[in-house]
Each structure stands twice: as structure tokens, then as C-alpha cells.
Amino acid sequence: MSPLPTQPLSPLDGRYQAAVSGLGEFLSEAGLNRARVQVEVEWLIYLTDHSMFGSAPLTAEQQASLRALVTDFGQAEIDELAELEAVTRHDVKAVEYLVRRRLAALGLDSIAELTHFACTSEDINNLSYALTVQSAVTTVWLPKLRGVIAKLAELAEQHRDAAMLCHTHGQPATPSTMGKELAVFVYRLGRIVGQLEGTEYLGKFSGATGTFAAHVVADPDAAWPTISQEFVEGLGLSWNPLTTQIESHDWQAELYNRVSHANRVLHNLATDIWTYISMGYFRQIPQAGATGSSTMPHKINPIRFENAEANLELSSAILDSLAATLVTSRLQRDLTDSSAQRNIGVGFGHSMLALDNIQRGLGEIDLAREVLLADLDANWEILGEAIQTVIRAEVAAGRSNIEDPYAMLKELTRGKRIGQAELVAFVSGLDIGDAAKDRLLALTPAGYIGLANELVDRLPRV
Ligand SMILES: O=C(O)C[C@H](Nc1ncnc2c1ncn2[C@@H]1O[C@H](COP(=O)(O)O)[C@@H](O)[C@H]1O)C(=O)O
């Protein structure tokens, strides 16, 4: 057997690549290295703009050519960095050397020593991660989540009046509407989106042990904390003033916990839809050319929701691990974060893939209203709650003196299948006020949905 050509180990880079490719722009190694070049270049521009250490502001053209290193970052830079790192065995030092080479090519040798000036690698790394994670979340993952929420909100609206038997503990229970049950997920996910929008992307820029020691010894008179704050905020990040060598990663733990929470809510959605499909409440729309089972030709399997379930579990496993481990670093730093953070994209990737499957799955189901109604009609005993509650209200209002209405309805309905005729006969014989009796006689399981329809109006705009 001849060996295969080099293969990706992660399915995210293989069969699922198309669904997650937007994340690679930011959360891949190349995305990280491009951001590192950006931070190095912006620091050079900052230092020269402020004429620090005898430098003079670069011309607009020189600044543009420096920034073009970021906008034009491509395969040539990826390959060159790999060659440099093979020698340096230090990824950030390789980036510094690449920037120095480009400075030479641009005739800017005179500022070469200001590259990576007073920086420790983490000064570059933490800002690069904050920038790339921020972009991935706000421009790729969150829009995808919003797309799923929008689709769910559309279905909630469409099915707001579709009465449905509920199944608390898997047993027939007081009905709702399919729309209201979907709206619950819209509300839950909407809250998490709100929290995610408030994410603080923190950055530190204070040298080898967070003390500005090299900075102060190089220029004792400069206001280094202010410079650091201005620089970090200038990149669109929030400044962290007090750290060891590394940014403490607390914002990352908070973010990954929230994304993982969103995953778990989506997991609940996926398993609920799967269950509704298995109950016949949702019909799967046959897709032209598709096969359900390789041997049972009649089948359409709910594969979108099953794929989502698995990928949400994988995503949360990775994000939970990152949230738990990134917040510790021995003494002033260890390198565990460096190795762990390389998997941020994997964590988001599995979630992104799940979102893609849920989005597609939601577009391939139809509500079977007639199945919902038939199920309601087969479970008149669920009106036991309505009857006992109305009798209690009548007793409280002095219009009835029936004793222990709950026990009475339990005797009639518990563990039994009661039909419309038995309930009508039972209600007709009750000693309660006429208005209450009429209300009960008019009640059907499909009509016993309370305010489910109106509650859909509580949907947040996400
Ligand atoms: O500014 C510094 O570099 C200071 C230095 N601390 C470091 N900070 C950041 N990166 C460092 C550090 N040390 C190593 N490296 C490089 O990290 C890379 C680790 O490789 P991997 O496990 O694949 O993520 C791999 O490229 C390593 O070479 C210190 O001594 O405190």
C-alpha cells in the first residue's frame, strides 16, 4: 500500500471545510501571524509618529507601505515565516525578522531597531489573539448565530397559533403552541447574544513581566502606561493595566463560557426538533437526489440535527477546556496558553458547523398541523387541570362547595384515557356557576393553550 498524500486530521479542514472557512481568515495560524505583523507594524508607526528615540514620523506613503504588509499578507509571507521559524524556533521572533526584512526592502533600515521595541512576545501575541478572536466572533460566528435565531423567530411567528400537546417528563401535558416553544429558544439565545455583544477584548502591552522595566530604562521620562493604553485602545481593544508577562486571559474564559452556553442551548434545540420529528410533529421535506438509509429506502433521517448535536458537544468540550486552563499560568508565565490557544478556531469551528446544520435543518422541515391536532384530540384527559382549577376558583368565589376538586379530577383522569364524551358528562354534572360551566364545556385540548400565541410577541429583536 502506498502512503496517502498529506491529509488533514480535522474534519473541519476536510469534509466540512466550506461550512467553516470564514473562521480560517482569523483563527488559523496564518490569520494569527498576519495579526502579529499588524501589531508590530502599528507599534513602529506609533513610535515614529511620536518621534520616540530620535525617530521622525513616517510619511503617509511609508505608513501605507508598512500597512500593506498586513493587507497583502499571503502565501509568500506564510512560506517565509515557516522558513524563518525553522531557524529561530520562536514564532514571534520569526515575525519580527520578517518585518525587519520588509523594512530593509522599503529603505526604512534606520528604524529597524524599533521593531518589536521593548516588547515581549506576549505583547504581540495577546493583542493578536484579541484582534483575531474579536473579528471571528463579530464578523463570522455571531452573524451565523443571528441567522439561526432569525430563522427560529420566523418559524415561531409562523407557528404561533399551532396548538400542540406538551410532554413534560415525556407524558401528555397542558398544551402550548409550536411557535411559543420555538420562541423560548429565540429568547434564550437572544440573551446570550446580548451578553456576547458586551464582551471585553482585553490587551496588555507592558513588557517581559508587565512592569515596563525595559521601557523605563530606555526612556525614564516617557509616560509608558499612558502610551501602552493609547496603543492598545488605538487597536480597538480594552486596556489591561495590571498583568504578569501574559494577558491574564480572563476575557477569553468569559467569552468561551458564553459560547459554550450558547452551544448547550442549541443542543437542547437540536434534540427537541429531533424528538418532534420522531413524533411526526415535523415532517422532513425530501431533498431531490438524497438518500436516507442505504438499505431502508423509505427513510429520511434527521441528520442535520444529529450532526449539530455531535459538533456542539465537541465545540463545548474544547471551549470549556480553554476556559478552564487559560486562566492559570505558573508564576509570571508558562507556555501552556501558547499551545492551547492554537485550538480556539477548532472550538469555534465545531460550533459554526453545528449552526450551519441547524440552519439547513430548519429549512428542511414542515409542521404537520394535522398530526398535532390528532394528538391533542386523543388526550382529552389533559383538561383535568383546567377543570380542577376552575372548580377551585368557583369554590373560592362562593359559587360552589365541591370538596377537594383536585382529588376528584385525579380519580377521574389519572393514568386513564378520557374522551370528550366522558368529560362533557362530568362537567355537565358539576355544581358550579353557569359561566364557568359554559367555559369548561367549550374547552377542547387544542383550545387550552392559554396565552401561548400572544407570548410570541415577547420575542426580542436580535
Ligand atoms: O518574549 C519572549 O519570548 C519571552 C519568553 N516567553 C515566551 N513568550 C511567548 N512565546 C514564547 C516564549 N518563549 C518561547 N516562545 C515561543 O512560543 C512558541 C510555543 O510553541 P507552541 O507550543 O507550538 O505554541 C514557540 O515558538 C516558542 O519559541 C520568556 O522567556 O519569558
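The paragraphs below walk through a predicted model, from its annotated regions to its ligand site and a few individual residues.

An unreviewed UniProt entry lists residues 14-308 as "domain: Fumarate lyase N-terminal". Over residues 14-308 the chain is 62% helix and 5% strand, and the end C-alpha atoms of this span are 17 Å apart. For residues 329-449, the unreviewed UniProt entry gives "domain: Adenylosuccinate lyase PurB C-terminal". That span is 61% helix and 2% strand, with its end C-alpha atoms 54 Å apart.

The residues around the ligand are Glu85, Arg89, His90, Asp91, Thr120, Ser121, Gln245, Arg333, Leu335, Ser338, Ser339 and Arg342. Sorted by class, this shell holds 1 nonpolar, 6 polar and 5 charged residues. For His90, a polar side-chain atom lies 2.8 Å from a ligand oxygen atom. Ser339 places a polar side-chain atom 2.7 Å from an oxygen atom of the ligand, and for Arg342 the distance from a polar side-chain atom to a ligand oxygen atom is 2.7 Å. Taken alone, the ligand exposes 630 Å², and the protein buries 64% of that area.

Although helix makes up 62% of residues 14-308, a pair of strands is worth a look. Strand β1 (residues 163-166) and strand β2 run antiparallel and are joined by 3 bridges. Within this pairing, Met164 has Ser176 in β2 as its bridge partner. The hairpin of β1 and β2 has 6 residues between the strands, and in this hairpin His169 takes a positive phi near 60°. Strand β2 itself (residues 173-177) is largely enclosed by the rest of the structure, because 4 of its 5 residues are buried.

Backbone angles single out two further residues. Most residues other than glycine have a negative phi. Phe212, although not a glycine, has a positive phi of about 60°. Phe212 sits in the loop between β3 (202-203) and α8 (213-218), and with a relative accessibility of 9% it counts as buried. Leu331 is not a glycine either, yet its phi is positive at about 50°. This leucine, Leu331, belongs to the loop between α11 (303-325) and α12 (336-341). Leu331 is exposed, because its relative accessible area of 73% is over the 50% cut-off.

Glu80 lies in helix α4 (residues 75-88) and is buried, with a relative accessible area of 16%. The side chain of Glu80 meets that of Arg101 in a polar contact of 2.8 Å. Gly345, in helix α13 (residues 344-362), counts as buried at 16% relative accessibility, because the cut-off is under 20%. Although Gly345 and Leu27 are 318 residues apart in sequence, their C-alpha atoms are 4.9 Å apart in space. Ala112 is found in the loop between α5 (91-105) and α6 (121-158), where it is buried, with a relative accessible area of 14%. Ala112 and Leu440 are 328 residues apart along the chain, and 86 Å separates their C-alpha atoms.

Terms used
Residues are numbered from 1 along each chain as its sequence is written. This is a predicted model: local features need pLDDT of at least 70, side-chain atom pairs count only at pLDDT 80 or more; totals for chains, interfaces and linings use all residues. Side-chain values use heavy atoms; hydrogens and water are left out. UniProt positions are given in the numbering used here, feature names are shortened, and annotations may be inferred rather than shown by experiment. A residue is near a molecule or strand if one of its heavy atoms lies within 4 Å of it. A polar contact is a pair of N or O atoms within 3.5 Å; within protein, one must be able to donate a hydrogen and the other to accept it, and residues adjacent in sequence count only if both atoms are side-chain atoms. Accessible areas come from the Shrake-Rupley method with a 1.4 Å probe; for residues, only the protein chains shown count as cover. Ala, Val, Leu, Ile, Met, Phe, Trp, Tyr, Cys and Pro count as nonpolar, Asp, Glu, Lys and Arg as charged, and the others, Gly among them, as polar. Buried means under 20% relative accessible area, exposed over 50%, partly exposed in between (1.4 Å probe, protein chains only). Two strands pair if DSSP finds at least two bridges between them.
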